[in-house]
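This briefing goes through selected features of one structure, grouped by topic. The sequence and the model come first.

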Amino acid sequence: MRLWEKVKKSLRRRSLQFTLSLTFTAVSVAVVIVVAMGYSRRFVDSAEKMAINNNKNVLNQMNQNLNNYLHNMMSISNTMYYSIIKNTDIEKDGIQKAADQMKLLYDANASSLVSIAIFSDDGKIIAAQPLSRLKLNAEPSSEEWFIRANQKIENLHFSTPHVENLFVNSDNIYHWVVSLSRSVEMTKDGTIIHGVVLVNMNFTGIEQICKNVDLGKSGYVYLVDQSGELIYHPNQQMIYAGVIRENHKKASSYSEGSHIEVFEGQERQITVKTVGYTGWKLIGVSPTEDITSVYTQNSQFLWFVAIFAILTLIAVNAFVSSRVANPIKQLERSVRELERNNLYATIPQNGTYEIRHLAKTLQSMADNMRGLMDDIVVEQESKRKSEMDALQSQINPHFLYNTLDSIVWMIENERYDGAITMVTALARLFRISLSKGKNIITVEQELQHVENYLIIQKVRYKNKFVYEIEAEDGVLQCAVIKLSIQPLVENSIYHGLEFMDGDGEINIRAYQRQDSLIIEVEDNGPGMTEEQVEALVSGAGQKNRKRGSGIGFHNVEERIQLCFGDEYGLEVESEPDEGTVVRARLPLISVEEAEKRGEGRL
Amino acid sequence: MHKALKTLWKRAGLIILIIGIMLCWGCSGKNMPEQENSPIKIGVAIYRGDDAFISSLSGHLTSEAKALEAKLGRKVIVNLADAKNNQGSQNDQVDNFINKGYDIICVNMVDRTAAAVIADKTKEAGIPIIFFNREPVEEDMQIWDKEYYVGTDAEEAGILQGELLVSAYERNPRSIDKNGDGKLQYVMLEGEQVHQDALIRTEFSVKAVLQAGIEMDKLGSEMCNWMRSPSYEAMLKWLEEYGDAIEAVVANNDEMALGAVQALREKNMLKDGPIVLGIDGTKDCLEAISKGDIYGTVKNDAKRQAEVILTIGGACIEGKSPSDIVPELEGHYVRVPHYKVTLVNANVVLKQE
Amino acid sequence: MTLKKKIIILILSACGVAGIVIFSTNPQQIKGEEVYQISYIHRGEIPEESQQVILQGMEQASNAFNVELTAVNSGNRADANGQKMLLEKEVENGADAILIEGIDDDGVRAELEKINAVIPVVEVNSRTGDKEDNKIIQIHADDYVIGQELGEAILKRLGPEESVILIKSGTEYSDVAERYLGVKEIMDASAVPVEEVDAGTDEVSRTLMFTNLMANQSTRHIVAFSSPEMEALGKAKQENPDFKDISIYGTGNTNQIINYLESGIIQVIGVSNDYSIGYLSVRNAVMKLNGEEIEKNQIKYSIIDASQIYKKENQRLLFPFVQ
């Protein structure tokens with residue numbers, strides 16, 4: 001199992017294409033090899049079996065033929081004995097009748113016979129066909145066939161091949177024959193005498209049967225007698241000459257059936273079949289190489305084909321898997337680009353439907369992200385801008401100059417208390433303005449800021465107005481957006497009280513109404529018409545103010561709404577020549593709560 | 001780098017392609033031998049090599065092949081196969097010729113009744129076949145159109161032989177008809193059981209004599225297989241039985257006549273013995289004629305037959321029709337004519353051998 | 001095209017080529033069944049009967065080793081130039097190897113050495129020189145020894161003061177020459193008077209000469225060294241009963257000669273295993289073509305008189321199984 005885990009692990013690390021390729025290839029190679037091996041095996045088995053069977057059959061056939069041939073010869077000998085000799089008295093009937101009968105017999109079998117003859121016990125010729133004159137130095141009684149016939153009189157004797165040397169032959173033809181001899185009893189003038197009947201079989205008869213045998217490419221058959229002497233061999237002449245060697249002495253001792261022998265470095269399959277009656281053995285030789293070469297060649301061929309198939313499969317696999325995996329790879333590359341925060345990477349839309357879908361989705365996702373991020377950037381930009389504006393406005397140069405001027409004038413006029421008051425108020429003003437960057441401060445702090453502002457303005461405006469700041473206790477610690485009240489007060493001063501001559505009144509009140517925090521800024525200035533109110537609320541007027549702190553009505557409303565939602569904001573009530581009330585409505589929450597709320601929105 | 005690799009692959013691919021094509025060409029190329037300069041192979045299958053006439057004919061085939069070589073401008077190889085009187089062997093030998101792609105096959109059938117097998121095989125292989133000396137039956141000669149037979153007219157031979165006897169008799173009747181009974185006592189040495197020449201020669205030589213008004217008395221006849229020894233034996237037998245009553249020995253061929261002569265010589269009966277006649281005109285016989293042992297023979301022109309066989313073969317190879325070139329060709333048969341040979345012209349004929 | 005695609009196309013084309021090769025190659029052709037064309041240049045016009053045995057041996061080997069054998073004769077008057085021309089012609093005709101009964105001549109030798117550098121040359125029976133660095137395959141019996149042993153056999157049959165006639169012809173060929181020299185040496189060593197007679201090549205004049213020779217009263221022993229001469233001597237002796245006391249000896253292996261030997265017309269013959277010579281010539285040529293090692297082979301021979309013809313060994317020598 002561990003190996004499997006290892007394999008799985010290593011595979012996991014590899015690319016899709018590699019895994020695909022490898023798997024396809026491994027499977028197809030395995031299949032091809034299994035098929036090739038299986039087929040090859042079967043082929044080898046069946047080829048071997050067929051070869052062995054073939055050899056057996058061929059040898060059986062040959063044996064059959066040889067048996068028939070030999071039996072034929074034996075029956076000729078029998079006929080000579082039983083039909084011819086036994087019915088003749090050599091003396092009384094004379095030899096002519098026997099000779100004529102022998103001629104018939106010979107003529108009928110001329111193609112397989114060289115000669116047939118009857119000899120007396122002392123080797124004298126009695127009758128013979130076709131030629132009857134013995135050669136001068138022929139001595140039948142000392143010939144082997146003669147001697148052996150008389151050794152065992154009940155049997156027929158087959159000799160080894162030799163050249164027939166008995167009869168005068170003026171055609172100068174010398175035949176190789178196998179002599180079949182037997183001892184016979186003849187009647188001469190009533191008495192029984194012994195003799196030998198000789199049938200000389202034409203060796204080519206045996207040769208015909210044994211040659212041209214299909215025992216594989218270089219297989220052959222040969223014939224030996226009981227003592228291992230060669231009777232027939234395809235290379236007989238060369239074996240006699242000592243040029244070629246054969247294992248016949250040893251093979252003749254094998255039992256009937258199949259054997260394997262190794263001779264002169266060559267392994268061969270030997271099949272032995274005994275020929276009846278004679279004790280001869282038919283030996284079939286089939287070099288194992290013949291059998292193996294057939295199936296070796298075919299095996300080679302098979303393996304060639306297998307390799308070819310494997311190569312093709314590898315190529316095809318590689319091709320197919322690359323076509324499948326490439327789009328995925330491309331996709332993966334695009335994702336990597338995206339990872340590197342390159343949102344502008346293009347995602348090629350290739351491959352199968354699924355891949356294309358993925359690509360499309362990825363593309364739109366990237367586009368979305370880009371859009372969102374652009375939005376964020378824009379938002380952040382505007383926030384920065386607002387803050388910058390706020391910051392800027394907090395450091396309105398004009399206000400500063402004027403205030404500083406006033407302070408300088410006071411100092412010049414030795415109104416040091418007044419100067420100290422103004423400087424202190426200014427400092428406090430700026431402190432809360434900046435207020436450590438916080439946007440949400442307590443009502444108390446904002447009102448203080450307003451007071452500082454008013455202190456300064458009062459001096460500057462030479463006590464043109466009076467002011468009053470009231471707050472309920474419960475709301476002092478509530479949250480309010482920084483610099484939301486002061487701009488309203490500023491508006492009152494600039495729009496309201498500037499045009500008045502000393503009776504100006506600004507009232508600032510902070511109180512709780514229902515669940516909201518209300519902070520009012522009331523002045524008794526000239527007020528606004530309904531249209532002016534309308535214009536102010538809708539923001540049709542200028543946002544940028546050169547005078548005052550410059551934040552303005554809208555800025556405050558925007559910031560309140562941004563932070564706390566649209567249900568809060570500013571209200572304006574105004575009557576011309578009566579005055580104006582600007583009311584800021586905020587939720588009644590603590591600073592921490594407001595900060596939490598605001599986080600999400602800012 | 002990429003471009004260099006590209007060209008490298010291109011070249012490699014081209015090389016592999018070329019090798020592949022060359023391999024294929026090589027493999028198939030082996031199967032296409034060059035037509036123009038390859039030698040002409042002629043296979044000759046004879047029925048047995050120890051037949052004197054046949055071996056003389058084969059010898060002429062080999063020597064006449066040179067003339068064919070000169071004529072065709074290509075090397076001519078003549079290969080002989082001896083069937084040793086076994087039709088099975090001969091069939092194998094013809095198969096061998098066919099398998100080795102011989103251009104012409106000449107067959108001297110062991111068993112003239114078994115020609116169909118061989119004719120069929122050569123038809124299938126498209127190799128022209130010329131039978132000679134041992135004639136297949138007519139049906140077997142009609143199996144396809146490139147079958148030819150070159151031989152002689154056995155009837156003519158028989159008649160000429162008979163005429164020899166007639167003229168010898170008419171010149172000096174007493175020397176032939178020793179017992180003066182007006183009949184010719186003769187023995188007949190016959191060739192082979194089924195051979196067409198044997199049957200016809202036997203019949204027509206006797207007929208020719210009878211037609212000349214001379215009566216004939218057959219003492220004995222024997223099938224001696226064209227060979228000397230059996231004839232010798234047979235003659236001995238007859239001499240023992242009939243002695244000098246035999247007035248004529250008529251043999252279907254020279255070898256058998258020579259066998260009879262051998263027997264006569266042994267019994268010292270050559271000098272005033274029977275008149276001996278043969279057919280073929282072999283060297284030994286011609287010498288015997290010069291010595292007077294044999295009276296006469298009928299020349300079986302082996303040389304001319306060999307020439308004709310090769311001419312027909314050459315014509316077939318060149319794609320011409322043999323009948324345009326060989327005057328003796330009648331249909332598919334050529335019968336080379338015989339002529340008589342006696343003491344008068346024996347020496348001349350001998351020189352031609 | 002990407003590199004990957006290139007590789008794939010390359011592999012595919014390699015497969016295609018391999019496929020074509022596989023499917024067009026006949027498996028049997030892998031074994032290389034090449035037929036060798038071998039030319040055999042022999043002496044004499046038509047192969048004489050004795051030549052037949054060598055040819056039969058060659059044909060058996062041809063069948064066994066997939067050879068196509070062409071026999072070419074040197075022409076009636078074998079001369080060195082004629083042989084050289086024949087050699088050139090055979091080589092031109094595309095012979096893979098040459099077997100030759102070469103005339104013992106320097107020119108022929110030079111030509112053979114030239115050819116042997118390119119294709120195997122085998123000298124059959126007759127050798128063209130015995131240099132130490134001989135690279136040409138030579139298949140022959142030990143002709144000189146055969147001559148000597150024949151000489152010994154003749155000696156045994158010589159009466160006192162009897163001379164021997166040696167028929168000297170055909171000695172342009174080394175095998176004939178050596179046998180001749182072998183006999184002559186033995187005769188000289190025992191101080192037997194020797195008469196050399198040239199029989200010439202014309203048959204008719206030869207027959208006449210033999211008859212005259214034999215008619216001469218002092219002729220008692222004649223030795224010839226080639227089959228046609230042996231047969232002619234035998235025939236002359238057979239036809240004239242007056243010649244019956246003349247003894248004929250020699251070398252040659254035809255059925256007619258054996259017949260004469262058997263019937264006492266010829267007394268002793270020396271025979272070498274011509275069949276082996278023929279077989280081995282072709283076999284060794286093929287082996288050299290295949291680049292195999294060639295082993296030395298001893299060619300058997302025998303000196304045979306009438307009583308020994310049918311001895312087992314001699315039977316096989318004299319009457320080859322032709323298969």
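**Domains and overall picture**

In chain A, the centres of domain 1 and domain 2, taken over C-alpha atoms, are separated by 90 Å. The domain assignment divides chain A into domain 1 (15-326), domain 2 (341-381) and domain 3 (395-601). The model is predicted. Over all chains, the count of salt bridges comes to 46.

**Surface patches on chain A**

- A patch of negative charge on the surface is formed by Glu530(A), Glu531(A), Glu534(A), Glu575(A), Asp577(A) and Glu578(A).
- Helix α14 (residues 530-538) of chain A supplies the largest share of this negative patch, with 3 residues.
- Glu578(A), one of the patch residues, sits in the loop between β17 (569-575) and β18 (579-587) of chain A.
- Glu578(A) counts as exposed because its relative accessibility is 59%, and the cut-off for exposed is over 50%.
- A nonpolar surface patch of about 360 Å² is made by Phe24(A), Val316(A), Phe319(A), Val320(A) and Val324(A).
- Helix α8 (residues 288-339) of chain A gives the largest share of the nonpolar patch, 4 residues.
- Phe319(A) lies in helix α8 of chain A, and its relative accessible area of 32% makes it partly exposed.

**Salt bridge within chain B**

- Glu135(B) and Arg335(B) form a salt bridge, with their closest N and O atoms 3.2 Å apart.
- This pair links distant parts of the chain, 200 residues apart: Glu135(B) is in the loop between β4 (129-132) and α5 (138-141) of chain B, and Arg335(B) is in strand β12 (residues 333-336) of chain B.
- Are the two partners buried or partly exposed? Glu135(B) is buried, at a relative accessible area of 15%, whereas Arg335(B) is partly exposed, at 31%.

- Glu287(B) forms a salt bridge with Lys235(C), the closest N and O atoms being 2.6 Å apart.
- Glu287(B) belongs to helix α11 (residues 283-291) of chain B and Lys235(C) to helix α8 (residues 227-239) of chain C, so this pair joins two chains.
- Glu287(B) is partly exposed at 22% relative accessibility, and Lys235(C) is partly exposed with a relative accessible area of 27%.
- A salt bridge also forms between the side chains of Glu239(C) and Lys291(B), at 3.2 Å from N to O.
- Here Glu239(C) is in helix α8 of chain C and Lys291(B) in helix α11 of chain B, so the pair joins two chains.
- Glu239(C) counts as partly exposed at 43% relative accessibility, and Lys291(B) is partly exposed with a relative accessible area of 47%.

**Salt-bridge network in chain A**

- Arg509(A), Glu520(A), Glu522(A), Glu571(A), Glu573(A) and Arg583(A) are joined into one network by salt bridges that share partners.

**Buried residues and contacts across the sequence**

- Ala127(A) is placed in strand β2 (residues 125-129) of chain A and counts as buried, at 5% relative accessibility.
- The C-alpha atoms of Ala127(A) and Ala98(A) are 7.6 Å apart, although the two residues are separated by 29 residues along the chain.
- Thr128(C) is placed in the loop between β4 (121-124) and β5 (137-139) of chain C and is buried, with a relative accessible area of 3%.
- Thr128(C) and Glu101(C) lie 27 residues apart along the chain, with 8.9 Å between their C-alpha atoms.

**Backbone exceptions**

- Most residues other than glycine have a negative phi, and most peptide bonds are trans.
- Which bond joins Gln129(A) and Pro130(A)? The two are joined by a cis peptide bond, with omega about -10°.
- Pro130(A) is in the loop between β2 and α4 (144-151) of chain A.
- Glu264(A) is not a glycine but has a positive phi of about 50°; Glu264(A) lies in the loop between β9 (257-263) and β10 (266-274) of chain A.
- Trp226(B), a residue other than glycine, has a positive phi near 65°.
- Trp226(B) is found in the loop between β7 (215-223) and α9 (228-242) of chain B.
- Trp226(B) is buried, because its relative accessible area is 7% and the cut-off for buried is under 20%.

How values were computed: Residues numbered from 1 in each chain as written. Chains lettered and ligands numbered in written order. Predicted model: local features only at pLDDT ≥ 70, side-chain atom pairs only at ≥ 80, totals over all residues. Heavy atoms only, no water. Patch = residues over 30% accessible without salt bridge, like charges linked within 9 Å, V, L, I, M, F, W, Y side chains within 5 Å. Areas by Shrake-Rupley, 256 points an atom, 1.4 Å probe, with all protein chains shown as cover. Salt bridge = Lys/Arg side-chain N within 4 Å of Asp/Glu carboxyl O. Lys, Arg positive; Asp, Glu negative; His and termini not counted. Charge placed at Lys NZ, Arg CZ, Asp CG, Glu CD. Buried < 20%, exposed > 50% of the residue type's maximum accessible area, 1.4 Å probe, protein only. Domains from an automatic or database assignment.
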